[in-house]
Amino acid sequence: YISLGGNRQGPLRTDVNLVLTMFIGGLWHGAGWNFVLWGGAHGLALMVHKHWSKRIGTPLIAERASPAVRHAYGGLMWLVTLLFVCVLWVPFRCQSFEATSQFLWGLVHPTLGIHWIHPQTVLLLSTLALWHVLRLAQARVVTLLPSATPRAWAPLWSLGLLTLALLLFAPFAASPFIYFQF
């Protein structure tokens with residue numbers, strides 16, 4: 001990015017540098033259409049984010065919105081980003097562009113045979129929802145716990161939930177390092 005000129009040669013060149021850098025990063029991972037899609041889409045997303053934040057999102061929310069609306073907007077933008085990145089891991093991991101297309105089509109039409117909601121997923125999502133509820137109610141909950149500093153218990157909740165998530169999703173069989181395939 002820096003060797004292409006970074007953001008020192010105007011906004012249009014900055015956009016080209018962002019997209020080109022991510023496109024090259026996709027090709028670095030492999031010379032397939034999946035990696036071209038993965039890198040190019042990330043580059044386009046960086047460009048859209050840059051323009052959205054500068055012209056629409058941040059100024060509109062920062063100047064006119066209440067704190068509750070700012071938090072809701074931040075949460076929505078976080079969710080959109082997470083969804084975008086997670087969907088783009090599909091072409092990164094699929095063996096072919098056809099497999100990517102079939103998998104993504106199966107996400108929106110689950111009757112095609114891709115069943116992607118598992119009990120572990122529901123349990124993890126429930127645990128994360130519980131974590132958020134506990135964070136919101138933390139001031140009231142931790143005062144009931146035996147501690148000189150009530151906030152000292154908050155990291156223990158987080159550590160316990162993280163440990164539970166790792167135990168639920170940790171692979172118990174050996175899997176090869178992802179970069180051995182390249």
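A salt bridge is taken here as a side-chain nitrogen of Lys or Arg within 4 Å of a carboxyl oxygen of Asp or Glu. By this criterion the structure holds one salt bridge, which joins Lys 50 to Asp 15 with their closest N and O atoms 2.8 Å apart. Burial was assigned from relative accessible area, with buried meaning under 20%, exposed over 50% and partly exposed in between (1.4 Å probe, protein chains only). Lys 50 has a relative accessibility of 21% and therefore counts as partly exposed, whereas Asp 15, at 9%, counts as buried.

The model is a predicted one, in which local features need pLDDT of at least 70 and side-chain atom pairs count only at pLDDT 80 or more, while totals for chains, interfaces and linings use all residues. Residues are numbered from 1 along each chain as its sequence is written, and side-chain values use heavy atoms, with hydrogens and water left out.

The predictor's confidence in each residue is expressed as pLDDT, on a scale from 0 to 100. The chain averages a pLDDT of 77, and 74% of the residues score at least 70. Confidence is highest in helix H1, at a mean of 88, and lowest in helix H6 (residues 138-141), at a mean of 60. Where pLDDT is low, the predicted coordinates should not be read in detail.

Of the 182 residues of the chain, 20% count as buried. With a contact defined as heavy atoms within 4.5 Å, residues 24 or more positions apart account for 44% of the contacts in the chain with a separation of 6 or more.

Helix H1 (residues 11-29) includes His 29, which counts as buried at 10% relative accessibility. The side chain of His 29 reaches the backbone oxygen of Gly 25 at 2.8 Å. Gly 25 is likewise found in helix H1, but counts as partly exposed at 25% relative accessibility. The C-alpha atom of Gly 25 is 8.5 Å from that of Phe 35, the two residues being 10 apart in sequence.

In helix H2, the residue His 42 has a relative accessibility of 16% and counts as buried. When residues up to four places away in sequence are not counted, His 42 touches Met 22, Val 85 and Leu 88.

Several residues of helix H3 (residues 67-93) can be described individually, including Leu 76, Val 87 and Trp 89. Leu 76 is partly exposed, with a relative accessible area of 45%, and together with Trp 78, Leu 79, Val 80 and Leu 82 makes a nonpolar surface patch of about 500 Å². Such patches are made of residues with over 30% relative accessible area and no salt bridge, in which nonpolar side chains (Val, Leu, Ile, Met, Phe, Trp, Tyr) are joined within 5 Å and like charges within 9 Å. Accessible areas come from the Shrake-Rupley method with a 1.4 Å probe, and for residues only the protein chains shown count as cover. The chain exposes about 13300 Å², of which carbon and sulfur atoms supply 74%. Val 87 is partly exposed, with a relative accessible area of 31%, and its C-alpha atom is separated by 9.7 Å from that of Leu 107, 20 residues apart along the chain. Trp 89 counts as partly exposed at 42% relative accessibility, and the C-alpha atoms of Trp 89 and Asn 34, 55 residues apart along the chain, are separated by 9.8 Å.

For Thr 127 and Leu 164, which are 37 residues apart along the chain, the C-alpha atoms are separated by 8.7 Å.

Terms used. Helices (H or I, at least four residues) and strands (E, at least two) are DSSP runs, numbered from the N terminus. A polar contact is a pair of N or O atoms within 3.5 Å; within protein, one must be able to donate a hydrogen and the other to accept it, and residues adjacent in sequence count only if both atoms are side-chain atoms.
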